[in-house]
Amino acid sequence: MIDSGSPLLSVEHVTVSFDGYTALDDLSFALASGAVHVLIGPNGAGKSTLLDTIIGRVRPASGRIVFKGNDLRAVPEYAIVRLGVCRKFQTPGVLDALTIEENLRVAVTQNRGAWHAFRAKPTAAERTRVDEVLAIIGLAERRNALAAELAHGMRQWLEIGMVVASDADLLLLDEPAAGMTHGEAEATARLIRSLAGRHAVIVIDHDMDFVEQLDAPVSVLNMGRMLAHGSVDEIRRNPDVAAVYLGRPREGDVAGR
Amino acid sequence: MIRRELGLVLVLVAAACAPLYLPAYELSLLGRFLALAVLAMGISLIWGTGGILSLGQGVFFGLGGYAVAMHLKLASADPGAVPDFMQWSGLNTLPWWWTPFGNPAFAIAAAVIIPGTAAAALAYLVFRRRVTGSYFAIITQALALAATTFIISQQQYTGGFNGLTGFTSAFGFALGDQRTQFGLYWVTVGIVAVTFVAVRALQGSLFGKVLLAVRDGENRVRFLGYDPLPFKVIAFAIAGVLAGVAGALVTLDLGVISPAMFGVVPSIEMVIWVAVGGRNSLLGAIVGTLIVNFGKDWISSVFPDLWLHVVGAVFVLVVTVAPRGIVGLMQSVRTRSLRLRPVTPPALVE
Amino acid sequence: MSETTLVAGQLFNGISVASILLLAALGLALSFGLMRVINMAHGEMLMMGGYLTYLSIAVFGKGAGFAVGLVVAFVGTALFGALLEITLIRRLYGRPLDTLLATWGVSLILQQAARSIFGPIGVEVTAPPWLSGTLSLGGTVMTGFSIPGVRAFIIVLAAVVLGAVALIIARTRLGLLIRAVHENRPIADALGANTRLVDLAVFALGTGVAGLAGSALSLIAPVTPTVGQSYIVYAFLVVIVGGLGSLTGTLVAALLIGVFSATAQIATSQSFSDVLLLLCVIIFMQFRPRGIVSQGSRALEET
């Protein structure tokens, strides 16, 4: 739908249900290498479930997900990550017991086998990458602080940093700017724009100001189905989208901000 | 950092010189408790770093002990005869699986490899299906129960409740000889030092960091592309090996290995050594082992009935009041005394 | 006795052992399912129930003493459980492994206390006259097979307790709260359920039922300071096989393990059946790691 060539990721007719509740309903979606794409939709639309399904936390009842030509249905979670998918969770999933630098080191290491980890000395390239990412996320001076000591916004940054450090071909960012100040959110948007080309990125967010800054195509999910695609402006003018949000005025982030 | 290293070296020298200044009885206790500290460092690795609580480390301790004891038993028997307890049970030919233990190198290798393999197999089978830590703890306790009842019942092969004892010499050295005692003590101190350095290096490696992360949340690690299973299995196997080594050393030291030394109750007591010292600290594991065991020796000689009350109270108190053990208490005392000095307030975050 | 009656007799023994296991495991399964807490002193609740029964008989005599003992054992151990929950378990909420260690400490203290008060050897409880008979089944195949009254009583007791607990969970307001907390603790909390009180009630109920198990156990075995230890490991295995907090699962698992032990003991020996049982549980976990009756969860990390 987004790109007609050979896509990096294609979600094909995926249906997911929890105890009779259909979270994703025959959903199809494709993403080209290096493309940034935004998913929006009201609460419960299935955005997070879609990311869960791509990363292997939730398995589709029917349909399949193909990444770089691999059918992900029977691949364990860690192996999906090794294929080149990395995800930032809605609640930051940083490793609390490790320092900031160690967090990034765990993320940056490409050979993730247990035996390798015994004698792994970080390579020069990995060390440079960690330093680069530390500079990008602005935590270079606190590199030896424990992740547990970081304030919420900083944890968000650290996890974004880990996702970037993993150098995965597909980055999944679940509400990357949640809880950030206006300035921080702007910086995050800049960072995500800079990732385009090198990584394909799927961003989930509610905040339309933030989405606008990403300058990327937007898809709207509603009740487990794709409701609309287009640029931010097109989505803003789309009457179906408005109906979905205006039908739930309390959650109407789209029109409001 | 250098001061800390220097301190450790000084402690090592002091320990190595203990035969010069400690009375024989205290020295033999110290040697035995240091051997147990090897096992405790294994518990610190799996529990403090990996978050895996095992209530069955005694089983691996026992496997190491029996491997060495079987050799000592064969070496002490008359040439061509089966060990005494087998004769008492009416067994006149040596079971085939006893035979290779006649070779000292085989017995020593077996004391390391058998516990390690058994631990790896158990951890693989249980952790493969992502069960919770409490389940694993219960399974390991059931293992300790099953292993001891099994060994007791197979008297003609294992010596039953009395275990294996009555050795005269070990690897060519007379067991009663003071020089043998000293030699064994120094071997033990050496193994403690090597284990300490090796486990600390492991904890500092990427392996140790990932293991620590696994403790706090397996899924986070999984979604960074690491499979937690081999990390847990390898760590548990290492702890199994260390328990086996401790079992072999203690068997040599005491001249006996029996089910009463590694059943359900001794196995869970091993955890309390580490809890008392501080589960997150390798040094704490050693300190805790020494304190609890010297304490046990003292209390059970002065007030025999009191020991179980004390150990029970220690379990409750250490978990509720000082979950980070003695080392944790000392650290918080030190930071508190640091706070008394005027310090520049840390920069505000955000 | 024919082969059939021997097997039938052993099967029956298995079911009566299973009944005690069920009573012992019921409380464990409930509190583990609800609070993710393993109470290592649960075995000592059996022991305590046994001694309370013994004391009741000493005070009220053989006839009425046992009936009084059942009540005293239930109430006494339930109260002790409540005390344990308030003073210790509640403080360790969210640290399941630490709870396990602390309750083990409590179990050691209770064992040693029992040793100091009643002596290390153990006390005998004689069955009341109304239970000392046997039920015999006359018939062609089962001739010569008779059911000892005490064992029949234990089975009936377990069935009644299981029914009562099921009824509490299905029909009462407390049961509704238990189900709500079990389903989703944060939401139940947010909706105003007093989850602490629910935890307390479930824990006390569980220890009380274990006290009843101790009462029942005293009919067929002497009460010793370590009597709980010999049953509790099996009760833990019942919880693992049964699944978290499921009554049906616990029932089926108790029957499986009780009958398995009893039959394996005919074929081999006690010690061999222990090893076999553990092996079977580990093999079982390969196929049903969450037990016979399992529940899914969407939480990122489970404890």
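How many bridges join strand E4 (residues 62–67) of chain A to E5(A)? Two do, and the strands run antiparallel.

The views below show a predicted model, in which local features need pLDDT of at least 70, side-chain atom pairs count only at pLDDT 80 or more, and totals for chains, interfaces and linings use all residues. Residues are numbered from 1 along each chain as its sequence is written, while chains are lettered from A and ligands numbered from 1 in the order in which they are written.

**View 1. The open sheet of chain A.** Four strands line up as E2-E1-E4-E5, with antiparallel pairing. Strands pair if DSSP finds at least two bridges between them. Helices (H or I, at least four residues) and strands (E, at least two) are DSSP runs, numbered from the N terminus. Strand E2 (21–31) and strand E5 (70–71) of chain A stand at the edges; each has a single partner strand, so one side of each lacks a neighbour in the sheet. Val66(A) stands opposite Asp71(A) in E5(A).

**View 2. A helix on the sheet of chain A.** Helix H1 (residues 47–55) of chain A packs on the sheet and touches strand E1 (9–18), E2 and E4 of chain A. Contact means C-beta atoms, placed from the backbone, within 7 Å. The direction of H1 makes about 65° with that of E2(A). Axes are lines fitted to C-alpha atoms, for helices over the stretch in contact, and angles run from 0 to 180 degrees between N-to-C directions.

**View 3. Chain B against chain C.** Of the two pairs of chains in contact, chains B and C share the most contacts. The contact takes 39 residues from chain B and 35 residues from chain C. On the side of chain B that touches chain C, H7(B) gives the most, with 15 residues. That side divides into 25 nonpolar, eleven polar and three charged residues. Ala, Val, Leu, Ile, Met, Phe, Trp, Tyr, Cys and Pro count as nonpolar, Asp, Glu, Lys and Arg as charged, and the others, Gly among them, as polar.

**View 4. Chain B against chain A.** Here the contact takes 21 residues from chain B and 24 residues from chain A. H10(B) provides the largest share of the chain B side, eight residues. Chain A and chain C do not touch; their nearest C-alpha atoms are 9 Å apart.

**View 5. His182(C) in its helix.** His182(C) lies in helix H6 (residues 173–183) of chain C. This residue counts as buried because it has 20 C-beta neighbours inside 10 Å. The cut-off for buried is 20 or more other C-beta atoms within 10 Å, with C-beta atoms placed from the backbone; 12 or fewer is exposed, and in between is partly exposed. Gly33(C) is 149 residues from His182(C) in sequence, yet 7.0 Å away in space, C-alpha to C-alpha.
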